[in-house]
Amino acid sequence: MDYFVQQLINGLTLGSVYGLIAIGYTMVYGIIGMINFAHGDVFMVSMFVALILLLLITSLFGGLAIALALIVVLVAAMVLTSLWSWTIERVAYRPLRGSFRLAPLISAIGMSIFLVNFVQLVQGPRNKAIPPIIDGGITLPMIDGNITLAYKQILIMGTTIVLLTAFWFLVQKTSLGRAQRACEQDRKMAALLGINVDRTVSITFVLGAALAAVAGVLYLVQYGVVSFADGFVPGIKAFTAAVLGGIGSLPGAVIGGLLIGLIEVMWSAYFSIDYKDVAAFSILAITLIFMPSGILGKPDVEKV
Amino acid sequence: MTGRGDRREPALDGGSAGVLTALKDATLLALLTFGLSFPIVAFNTRQDLTQGLVLEARWDLVATACAVVFLARFVWTLFGPTFWRGGNAVVQRAASLVRATGISVDHVRWFGLAVLVTYPFLAVWVTGPGGAIKWIDNFGIQILIYVMLGWGLNIVVGLAGLLDLGYVAFYAVGAYSAALLSTTFGFSFWLCLPLAGIFAAFWGILLGFPVLRLRGDYLAIVTLAFGEIIRLVLINWVEVTGGAAGISSIPRPSFFGIPFDASPDGFAATFGLDFSPLHRLFFLFYLILAMALLTNWITVRLRRLPIGRAWEALREDEIACRSLGIDTVTTKLTAFSIGAMFGGFAGAFFAARLGFISPKSFEFMESAVILAIVVLGGMGSQIGVAIAAVVMIGGTEILRELGFLKAIFGPTFDPAQYRLILFGLGMVAMMVWRPRGLISKREPSISLGAHKAISGVHVKEGHG
């Protein structure tokens, strides 16, 4: 029992990181119908930004409280990563708006190759490891043993919940979010009604990147290792999560992320750690075969 | 909308913009460059003696980048439109000259074929026997493998319109089945080759059957997932596949039973030639050329058969197809498995060519590159795919050879490092420049009355 609950906590922690990245995929897909392949690498860039900022802050103001440092890093990483994503959208995707469907996909794959190799060039190919930022945890007694709730896990889940709430508020209650949802439903109609579609799409990319940056900071806190190749696998899994939850649906992305995190952790805990990714991808394939539009996705309407 | 309309014309505001606008524009862009490069370029993270990370400031690099961007943008805003018009005029003049000579796609096709057939001899003639190894192996054979993979995937993506992001899985199945059959059972290459194709096609059916009901992007992600699953299994099933270390000492292909070695029974001795490693390369080159041309020939023939017509009809409108009584699942499945079969053939060749395979060669990036070749070539255009493979694979291989740049940028400059960066940017630039691919016009496979070239804009794609 204690083992199971422990794994449940670990799975939810990992899943919240996937969920945060998945929102970026699902929003972009919802509004312009493209798979933003570079999103996973934007997440990787955010981890490097966070790592460097953290080292910079601790070397400049050594005694600064770690909580304050983390907040500064979080905000700065969100801003700088958004800048990257905004630029990518501007350079690689906007000229292809209205072009045929595979063009932005290829452009995104090209961008992803560029980002990976650019970071490898400027930061070197080695893994960058930092000492644990937050130590310790709370030990909770269970019926047959103890479970440990690490402080960093509390931090990750807490941050995810707070930011998702803020994000939900942004999408549901502000004019910005309304414009975003309108463009998602019908871009042409939204444009006729005076919504600046290009700006809204840019903002979508910025929001997605900001949430990916949050995920990047949390990932760094959890694992403490960064490498230029770290964008691909979390990116693919987050995209899997978005599809599993039903692409285009925001709550779906979070649910999908949590599910993928849980599947991965449970599989490594009870079966084989080598095949954890195989399990995640297989469950994706099986789910899609039986529920072709994901858990919360709207079924495709066939128009003749 | 025509193919030309896809391109974005620069603002034609009649002559050059004002200096002030140019300054403002350039300053903004330089600021953006600063923002992008601030932490990630400005500081290098380096491990010190205690294994901790320390930061090294590189403000000079950031300053250079900002200055270059500023100057480039400034000059472009001032003189860009003039330059653009001048360039366009030159291009149009060149195009009219080419038209005047009466060269058509047919000529290009035959010329290309002639170059291909004589290529190994040309390479030896130009660079000598020592230098030719690189040109035949790294350029010739490497490019032809991608041409073949591109043509194979073209059946799935270009003709049937199914977006497959996991094509490399079938390439891997072909390579691993050929390698395992030859190392465990001692089968010769000529037996492994068809078996590898059959296995790959079988896997294509196995994977395709449950997922081909999915549409568009769902199909894309499931194929991607399958590609990853196969790669992960190859890494983790160590007893059979050798894990990450791969399989080595795979027997090399022989000349119909005569090995390419220096022994008395070898190829050189049998035909009374002096032994040279070039013989094997020549053989491999013509083998992959023949395989690629066979792929092309079969594809072109299939397109005229009812099944090929059904593929193209399916790509254009699935609902219309169903109402006309075409079994969509079977039709998709044939495209998927025939594409997979050619991937399997190419995989068997790949295994035999190097004598060594590992999961490293079958990563997602390979699928992405092959898909990029198909899309850049212009979906469904055979010659376009071949040109795209030459440009993309040849172009990145050429970047390895630019050693003379060291003389300009100093001895620490290594052009190979920039290879993939330029590759990625090249993909973006090509898409922005020609979203429909290089050959965006082609003859329809069947037509009523006169043959007319159709613009690629009218060809649908990948809606599943």
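Predicted model: local features only at pLDDT ≥ 70, side-chain atom pairs only at ≥ 80, totals over all residues.
View 1. Residues are numbered from 1 along each chain as its sequence is written, and chains are lettered from A and ligands numbered from 1 in the order in which they are written. B:Ser249 is placed in the loop between helix H7 (238-241) and helix H8 (267-270) of chain B; helices (H or I, at least four residues) and strands (E, at least two) are DSSP runs, numbered from the N terminus. The phi of B:Ser249 is near 45°, a positive value in a residue other than glycine. Most residues other than glycine have a negative phi.

**View 2. B:Pro120, a buried proline in a helix.** B:Pro120 is found in helix H3 (residues 105-159) of chain B, and this residue is buried, with 22 other C-beta atoms within 10 Å. Leaving aside residues up to four places away in sequence, B:Pro120 touches B:Ile136, B:Gly140, B:Phe282 and B:Phe285, where contact requires that the C-beta atoms of two residues, placed from the backbone, lie within 7 Å. Although B:Pro120 and B:Gly140 are 20 residues apart along the chain, their C-alpha atoms are separated by 8.0 Å.

**View 3. The pair of helices H5 and H8 in chain A.** The axes of helix H5 (residues 151-173) and helix H8 (residues 197-223) of chain A come within 10 Å and cross at roughly 175°, the axes being lines fitted to C-alpha atoms, for helices over the stretch in contact, with angles that run from 0 to 180 degrees between N-to-C directions. H5(A) and H8(A) are therefore roughly antiparallel to each other, a term for angles over 145 degrees. The residues of H5(A) that meet H8(A) include A:Leu155, A:Ile156 and A:Phe167, and among their counterparts in H8(A) are A:Leu211, A:Val214 and A:Leu218. The residues of this contact divide into eight nonpolar, two polar and one charged; Ala, Val, Leu, Ile, Met, Phe, Trp, Tyr, Cys and Pro count as nonpolar, Asp, Glu, Lys and Arg as charged, and the others, Gly among them, as polar.

**View 4. The hairpin of strands S2 and S3 in chain A.** Strand S2 (residues 137-142) and strand S3 (residues 145-150) of chain A pair in the antiparallel sense over six bridges, where pairing requires that DSSP finds at least two bridges between two strands. S2(A) and S3(A) form a hairpin with two residues between them, and A:Thr139 has A:Thr148 in S3(A) as its bridge partner. S2(A) is hardly covered, since the count of buried residues among its six residues is zero.

**View 5. The side of chain B that touches chain A.** Here 48 residues of chain B are in contact with 55 residues of chain A. H6(B) gives the most to this side of chain B, with eleven residues, and the residues of this side divide into 33 nonpolar, seven polar and eight charged.

Methods:
Parallel < 35°, antiparallel > 145°, perpendicular 65-115°, else oblique. Buried ≥ 20, exposed ≤ 12 C-beta atoms within 10 Å, placed from the backbone.
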